[in-house]
Amino acid sequence: MRWRGAALKDVSPWWNFLAKTNPFIRFSRQRSDGSWLRVFQTEPVQANLNPVWDNIEIRLEKLCMNRFNSEIKVECFSHSGDNGEEFIGEGSFTLEQILNTTRVVSLTNPDVENPGTLFLDEVNIEERFDFIDFIRGGMQIAVVLAIDFTVSNGIQNSVDSLHAIHRTSLNDYQIAITKVLGTLLNYDYDQRVPVYGFGARPCFPNLKDTETSHLFPLTGNPERPEVLGVDGVLKTYSNALQYLEFSGPTYFSPILREAIKQANDSLSKGHDEYLILLILTDGEIYDLPETIGLMQEAANLPISIIIVGIGNADFGQMNILDGDQGLFTQKGGKVERDLCQFVPFNEYRDDADKLSEEVIAELPRQIVDYKKLRHMVPKHISEEKPTSLNRIPTRIYLEGLDSPKGKKMPASASKLTGDAQMGSPRNGFHPTQGQQARRDSTTAPLHMRRQSLKTTK
């Protein structure tokens, strides 16, 4: 909503020539007991009797409990020093009125004649969806894992190697697989993970290479790169170490191309699938410009990249790829959305819950940003609108979380796995009859849509 005031009463003290009227407006909804609950307040506009306030964005549930005929009180005050306020006037309206009849609120004040008028210049009803809506609508999560085996990790037979296998404890890569991959697999619908290595010369019985490979299946079988669950990944990882000759340098572009290929294949088959590429690496990469270029391509695909930095190396390039302030190619093009999250493992290695939070902190927003970019809404959602909306233009608006970007998504995914594991076939996986029946039960229309009032700048 965009509100403005006209001819507001000057309530600054007559004896104080320096004082000015700094108007702001406050909205309240009526409780069942008749009392009023404050729901929103604008910032004051300094020294202006004809103010134009900033756009107001508020959920209908908060503004009026989604009741279009419920009275909403709007009060106008002037802000004074020390958080004081002077009353200018008040009025009321309903959504039904401002959407269909009048957008003018004449203020009243028992002590002042004609205290002024409020005008609603713009109003728009929007519908918002979040990460959970897409999960419930049938979207599936698929995880791909890539592990760095470059020589900078240290040769696996050395006790100081980041890949050293210990009898009584796990190395950092094993801990990251257990904690980080374990968290992500709460959302993976079939628990089957394609696992790749890079930066080494593979010497598997059925897969040998005379040169450094920057993308090879850790199973040693190019036809079957998938492994079931965290336990399967840990066993595959430990077994693969004996068949690898660590080398270098570190390149991300081959695994990014593979992720892009898989995402395109999924789209071509009509699957509603979102791919999470998890990369475990120990530091600097040597193909940063090419990697950024591929991320620009991936931004238009259902892909997120989570990079976990293992060890104490310089991870400056990883922070560049994280790109919270924008990621730019060598030619100056901007990657269209944020799709990468970097997590330094050592900062959270002793706090599993905090590590899980950091890993998935940006994932819901990234997924919804992609859906918004592609103008996609959750499947199986009824398009019926309230009667009072039938006569006004509406549009869909997507949002990742109601909270600010920095708020963490809960690490626990127990409420999601029931829906998330039931998905369309991927790489030969087919749900059982019982699973299919449970999946079909999730396709009923959702009643958790979020309608908001917002204006377009």
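Modeller: Start with strand β19, residues 340-344, in this predicted model.

Biologist: Which residues line the second largest cavity?

Modeller: Among them are Ile305, Ile307 and Cys340. Phe252, Leu256, Ile279, Thr291, Met295 and Leu321 belong to the lining too. Two elements, α7 (288-298) and β18 (303-309), each supply at least two lining residues.

Biologist: What makes this space a cavity, and how much space lies in it?

Modeller: A 1.4 Å probe fits there but cannot get out. The second largest cavity holds about 30 Å³. With a cut-off of 30 Å³ or more, the count is two cavities.

Biologist: How many residues of that lining are nonpolar, polar and charged?

Modeller: Eight are nonpolar, one is polar and none is charged. Cys counts as nonpolar under the class rule, and Cys340 is one of the lining residues.

Biologist: Why is Asn114 called exposed?

Modeller: Exposed means over 50% relative accessible area. Asn114 has 62%, so the label holds. Asn114 sits in the loop between β7 (104-106) and β8 (117-122).

Biologist: What is noted about the phi of Asn114?

Modeller: Most residues other than glycine have a negative phi. Asn114 is not a glycine, yet its phi is positive, about 50 degrees. Ala47 also has a positive phi, near 45 degrees. Ala47 lies in the loop between β3 (36-41) and β4 (58-59).

Biologist: How do you know that the peptide bond from Gly248 to Pro249 is cis or trans?

Modeller: Look at omega. It is near 0 degrees, and the bond is cis. Most peptide bonds are trans. Pro249 is in the loop between β16 (244-246) and α6 (253-268).

Biologist: Now the whole protein. What share of contacts joins residues at least 24 apart?

Modeller: The share is 74%, among contacts between residues at least 6 apart in sequence. A contact here means heavy atoms within 4.5 Å. Buried residues make up 50% of the 457 residues. The protein has 12 helices and 21 strands.

Terms used. Residues are numbered from 1 along each chain as its sequence is written. This is a predicted model: local features need pLDDT of at least 70, side-chain atom pairs count only at pLDDT 80 or more; totals for chains, interfaces and linings use all residues. Side-chain values use heavy atoms; hydrogens and water are left out. Helices (H or I, at least four residues) and strands (E, at least two) are DSSP runs, numbered from the N terminus. Buried means under 20% relative accessible area, exposed over 50%, partly exposed in between (1.4 Å probe, protein chains only). On a 1 Å grid over the protein atoms alone, a cavity is a set of points where a 1.4 Å probe fits but cannot get out, and a pocket is an open set with protein on both sides within 12 Å along at least five of seven lines; lining residues have an atom within 4 Å of a point. Grid points are joined across faces, edges and corners, and a volume is the space filled by probe spheres set on the points.
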